Amino acid sequence: MLGKRYMKEGVIPTTNEITLLCYSGEGYDDEECSEKHPDGHFIRYLPASLLKQICFVDTPGTNVILKRQQRLTEEFVPRADLVLFVISADRPLTESEVTFLRYIRQWGKKVIFILNKSDIFKDVKESEEAVRFVKDNAQQLLSVDQITLYPVSSRYALEAKIAATREDGKIDLHILSKDPKWIYSGFSELENYIFSFLDASTNMGAERVRLKLETPIGISTALLAATEEHIITESAKANAQLMTIKENIAKLKQYQQLMENDSISWRKRILSVIEDANKCTEKIIDSILRISNVEVAAEYILKGDRPGSIPVISSFENEVIDSALLDIQSLLGKYWTWLRSSNAQQERRFREIFEDEWPSLVNSGKLNTEIEKKTEEQIQRAHSMEVLEEFNVKAAAILFEQEIREVVIETFGGLGVAGFSASILTSILPTTVEDLMALGLCSAGGFYGVWKLPQRRLEVKNKVQRTSNSFARQLEEAMQEDLAQAMRDAEHQVDLISKPYEHAAELKANRLNGLLVEIKHVGRKLQLLQFRIQNFRVS
């Protein structure tokens with residue numbers, strides 16, 4: 001088309017870079033020069049008069065092996081007003097050309113197909129078959145009703161133009177029009193189409209103006225569509241991320257339920273210790289409050305009122321109460337440790353989940369510092385330990401001994417000397433019959449006190465049972481309060497960990513959703529511009 005061989009050509013790819021062909025300017029008719037544009041492509045200035053009206057962009061072909069070259073071509077095509085898609089007649093529509101046509105379709109470019117090397121066809125029939133093949137496939141690929149295609153022989157056209165070139169470098173159009181090679185080359189129809197396309201006064205020229213205006217709209221629309229697709233994908237990820245965060249937070253309920261279930265066994269172990277102590281106390285009561293226990297009777301009736309003077313009472317304080325309290329204290333310490341260590345493990349698990357899944361959402365270093373600070377503030381004493389410490393061992397022992405003393409004095413105090421002597425006899429006589437004979441010696445009043453002994457013994461046991469039940473209930477309530485406090489701490493810890501991530505995920509999702517709204521708005525504006533351009537008329 002330029003009338004001279006300016007660019008390299010060959011059977012292998014010869015164009016390594018995108019080259020922009022421009023007019024060299026008046027007064028530089030015989031000079032050629034090149035420069036590299038900051039974008040990476042080359043600009044070549046040529047003394048071809050056709051370049052006064054239009055610039056050509058020579059790009060690497062789609063059949064090149066180097067992916068870099070194809071990428072350059074794909075990046076430059078969106079900036080073109082008209083695409084001259086050159087196809088070789090010996091290999092029409094190769095796989096790479098089909099892929100490239102699909103790519104062009106998304107930009108909505110005006111594409112003119114040039115079937116080069118038409119001189120290889122034996123006859124018109126072969127040429128028509130090739131043209132029909134290209135048109136049918138191009139119509140399907142570009143989703144258009146009509147395809148503009150020109151079968152040409154660039155070799156014949158160039159030879160004809162060189163032959164018609166005068167000494168002053170200009171082409172003699174009369175000689176050219178008569179040259180059989182020029183006529184056969186098919187270039188006359190192609191050039192007429194391009195010149196008409198350049199003339200703004202023609203319908204083709206109006207189309208060119210519209211294409212010129214539609215190019216940035218098309219690029220913007222394509223970029224907007226790609227951006228929208230990307231944001232939709234990212235928005236879906238952000239919403240899924242937010243949902244996953246909420247699901248992880250909801251797992252705290254499972255942890256709390258598991259801790260509630262496990263805490264029952266701890267409370268049962270504490271209650272079991274209290275129950276064992278209660279049974280030991282009942283055995284002590286049975287051993288003390290019996291008629292044959294002369295030692296106790298003598299201690300309280302004959303030796304006066306001295307607390308803790310009976311060895312059995314001392315053993316109740318040391319071996320029953322103290323021993324039980326030590327066991328309870330040990331269990332409560334383990335229980336409190338279990339609560340805190342379980343919370344610590346749960347906090348670590350939550351932290352690892354959030355840090356591993358979403359490391360870029362939150363500054364984990366700053367967050368960990370805040371969590372450690374809050375954790376130190378939450379450390380409190382166990383309520384159950386406070387209940388245990390409030391239990392007065394000495395007071396309990398004194399009260400227990402007072403109950404025993406009252407029953408002993410009530411039972412043996414009314415017997416008198418004879419009755420007490422009979423009671424002593426029951427402790428040394430070997431049989432129950434002899435016990436009854438001795439009791440028969442008691443006075444009627446003393447016999448009544450002895451008769452009530454089993455009832456009074458049961459009353460003491462019941463009183464001890466009520467006291468132990470009250471203590472057990474206080475401990476159980478305190479342990480439940482410890483559990484509740486631990487669960488509140490765990491909830492607070494999870495809140496500290498998850499809230500920044502949840503907040504960041506919500507912000508990201510909201511920001512992306514906002515961008516989608518803006519993209520829809522911009523898309524409507526582009527559609528309006530597109531409509532106005534399509535109805536554009538050249539005055």
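This is a predicted model: local features need pLDDT of at least 70, side-chain atom pairs count only at pLDDT 80 or more; totals for chains, interfaces and linings use all residues.
Is the crossing of α7 and α8 left-handed or right-handed?

**Stop 1: α7 and α8**

Select residues 187-198 for helix α7 and residues 203-288 for helix α8. The crossing of these two helices is right-handed. Their axes are 6 Å apart, and the packing angle is about 65°. To see the contact itself, show side chains for Y193, S196, F197 and L198 on the α7 side. Their counterparts in α8 are M204, G205, R208 and L211. Sorted by class, this contact of α7 with α8 is made of 5 nonpolar, 2 polar and 1 charged residues.

**Stop 2: Q256**

Stay in helix α8 and select Q256. Is Q256 buried or exposed? Its relative accessible area is 16%, under the 20% limit, so Q256 counts as buried. Now display M487 and E491: Q256 is in contact with both, once its neighbours within four places in sequence are left aside.

**Stop 3: W266 and its surroundings**

Next, select W266, Y335 and W338, which together form one aromatic cluster.

**Stop 4: F391 and F471**

In the whole structure, a search finds 10 aromatic pairs. One of them is F391 with F471, whose ring centres are 4.7 Å apart. The planes of F391 and F471 stand at 40°, so this pair is tilted. Which parts of the chain does the pair link? F391 sits in the loop between α12 (383-390) and α13 (393-412), while F471 belongs to helix α17. The two residues are 80 residues apart, and the pair links distant parts of the chain.

F471 has a relative accessible area of 9% and is buried. F391, at 25% relative accessibility, counts as partly exposed, because values between 20% and 50% fall in that class.

**Stop 5: P454 and L289**

Finish in helix α17, residues 453-534, by selecting P454. P454 has a relative accessible area of 46% and is partly exposed. How far apart are P454 and L289 in sequence and in space? They are 165 residues apart in sequence, and 8.4 Å separates them in space, C-alpha to C-alpha.

Note on methods:
Residues are numbered from 1 along each chain as its sequence is written. Side-chain values use heavy atoms; hydrogens and water are left out. Helices (H or I, at least four residues) and strands (E, at least two) are DSSP runs, numbered from the N terminus. Buried means under 20% relative accessible area, exposed over 50%, partly exposed in between (1.4 Å probe, protein chains only). Axes are lines fitted to C-alpha atoms, for helices over the stretch in contact, and angles run from 0 to 180 degrees between N-to-C directions. A crossing is left-handed if the near helix is turned anticlockwise from the far one by less than a right angle, and right-handed if clockwise. Contact means heavy atoms within 4.5 Å. Ala, Val, Leu, Ile, Met, Phe, Trp, Tyr, Cys and Pro count as nonpolar, Asp, Glu, Lys and Arg as charged, and the others, Gly among them, as polar. Rings of Phe, Tyr and Trp (its six-membered ring) pair if their centres lie within 6.5 Å; planes under 30 degrees apart count as stacked, over 60 as edge-to-face and the rest as tilted.
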